[in-house]
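Please take a moment to look over the sequence and the 3D view before reading on. The report below goes through the parts step by step.

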Amino acid sequence: MNKHKRVLIIDQLNLFFRNYIVNPSISVDGAPIGGLRGCMQSLQKITRESKPDMIVICWDGAGGSKKRKSLKKDYKAGRKPIRLNRSIRNMSEDAEVDNKMWQQTRLIDYYNQIPVIQFMFDHTEADDIIAYVAHHKQLEDYEKIILSSDKDFFQLLDDKTVLYRPVQKEILNKNSIIEKFDIHPTNFAMARAMAGDKSDNIEGVPGLGLKTISKRFPFLKEEKNATFKDIFSHCKKELQENKIKAFENILEYESILQRNYKMMQLYNPILSIDSKMIVNETLKDPDQSFNKTEIIKMMVKDGFGEINFIELFQHMNKISLDNR
């Protein structure tokens, strides 16, 4: 039986914040550890379900995306800070920030003891690292599972790439995106550029949501990559017969649409040459060592050594042995 290898690609900050907010765990010293403990439990669950041959952890780098902020200064501005679970919110905001950073740093230390690959680059978003890894030649024959709740990854789905959205409890592939939105993943960034993204403070074309976009631009359902020329030509042609406001607005917002697309597309990830070289070299020869003794010591010290991680350890050991 010809079994394709499988790589699990994790949007790590997305996973961390989900656990940080929901998991009320406290260490023996009384410090919140929900993000740390929850991520390790989540890793055990998803590895049990997906049985990956390789795991790639992608972190958002310090400072966010320099390129996107140069295109729009208030990109992601106005987001509320991520707060602890209300049931254990007994710290000052400054203390919460310090604890949150400690949990993230500690989690990196945990991952350094198990056979996973970690990437984090300053001024670079995890989205771009994930997109670069998912389309990497080294992983061409692998099945890819992207773990994230982020809609941005809809555009990356193809015959070998699926998106597992744990919050929504759904697994999406190329066909399910087409069925759900009448938009092909190849054209999803174009559609979202028109619709905008309030969570990232990216305004879209007024009056346009994904349903209207798929209705007015039926060719977005096709695999062929739609260009700006296709979009604008279609608008002009349709306006000759009907004065539909959506088409008028798109032509009026032409420059904003083009800017939005540059910010939202992941087909050509925004990654520096140096960062790409590091990813290339790491994927070619990854360190897949596993220090079970050390990670157990860390778990005991941090206050969750009583949890049964036997399934995670067994799978980590398998990955390590398979890559010797």
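Predicted model: local features only at pLDDT ≥ 70, side-chain atom pairs only at ≥ 80, totals over all residues.

Let's begin with the strands. Six of them form an open sheet in the order E3-E2-E1-E4-E5-E6, and their pairing is mixed. At the edges sit E3 and E6 (residues 170–172), each of which pairs on one side only. From one strand to the next, the twist averages 20°. If you are wondering what holds such neighbours together, strands of a sheet pair through backbone hydrogen bonds, either parallel or antiparallel.

Now look at strand E1, which covers residues 6–11. Is E1 largely enclosed or open? Five of its six residues are buried, so the rest of the structure largely encloses E1. Five bridges connect E1 with E4 (residues 143–147), and these two strands run parallel. Another five bridges connect E1 with E2 (residues 54–58), again in a parallel arrangement. You can follow individual partners along the E2 side: Ile9 has Val56 as its bridge partner, while Ile10 stands opposite Ile57.

## Helices around the sheet

Helix H1 (residues 12–22) lies across E1, E2 and E4, and runs at about 60° to E1. Helix H12 also packs on the sheet, where H12 touches E2 and E3, and its direction makes about 180° with that of E3.

How many of the nine residues of helix H5 (residues 126–134) are buried? The count is nine of nine, so H5 is mostly covered. Among these buried residues are Asp127, Asp128 and Tyr132. The buried residues of H5 pack against E1, E2, E3 and E4, and also against helices H3 (66–71) and H12 (273–284).

## A buried asparagine

Asn187 sits in the loop between helix H6 (174–181) and helix H7 (188–195). Its relative accessibility is 0%, so Asn187 counts as buried.

What does the side chain of Asn187 reach at 2.7 Å? That is the backbone nitrogen of Ala226. Leaving aside neighbours within four places in sequence, the contacts of Asn187 include Phe219, Leu220, Glu222 and Tyr267.

## Aromatic rings

There are 14 aromatic pairs in the structure. One of them joins Phe154 and Phe188 edge-to-face, with 5.3 Å from centre to centre and 80° between the planes. Phe154 belongs to the loop between E4 and E5 (161–165) and Phe188 to helix H7, so this pair ties together parts that are 34 residues apart in sequence.

Phe232 counts as buried at 8% relative accessibility. Elsewhere, Tyr110, Phe290, Phe304, Phe309 and Phe313 come together as one aromatic cluster.

## Salt bridges

The structure also holds 22 salt bridges. In one of them Arg6 meets Glu143, with the closest N and O atoms 2.9 Å apart. Since Arg6 lies in strand E1 and Glu143 in strand E4, the pair ties together parts that are 137 residues apart in sequence. Arg6 also stands opposite Glu143 in the strand pairing. Both count as partly exposed, Arg6 at 25% relative accessibility and Glu143 at 27%.

A second salt bridge joins Lys174 to Asp159, and here the closest N and O atoms are 2.8 Å apart. Lys174 is in helix H6 and Asp159 is in the loop between E4 and E5, 15 residues apart. Lys174 counts as buried at 15% relative accessibility, whereas Asp159 is exposed at 68%. Finally, salt bridges that share partners link Arg68, Lys76, Glu125 and Asp128 into one network.

Conventions
Residues numbered from 1 in each chain as written. Heavy atoms only, no water. Buried < 20%, exposed > 50% of the residue type's maximum accessible area, 1.4 Å probe, protein only. Helix = DSSP H or I, 4+ residues; strand = E, 2+ residues; numbered from the N terminus. Pairing = 2+ DSSP bridges. Contact = heavy atoms within 4.5 Å. Axes fitted to C-alpha atoms, helices over the stretch in contact; angles between N-to-C directions. Polar contact = N/O pair within 3.5 Å; in protein donor to acceptor, adjacent residues only side chain to side chain. Phe/Tyr/Trp six-rings, centres within 6.5 Å; stacked < 30°, edge-to-face > 60°. Salt bridge = Lys/Arg side-chain N within 4 Å of Asp/Glu carboxyl O.
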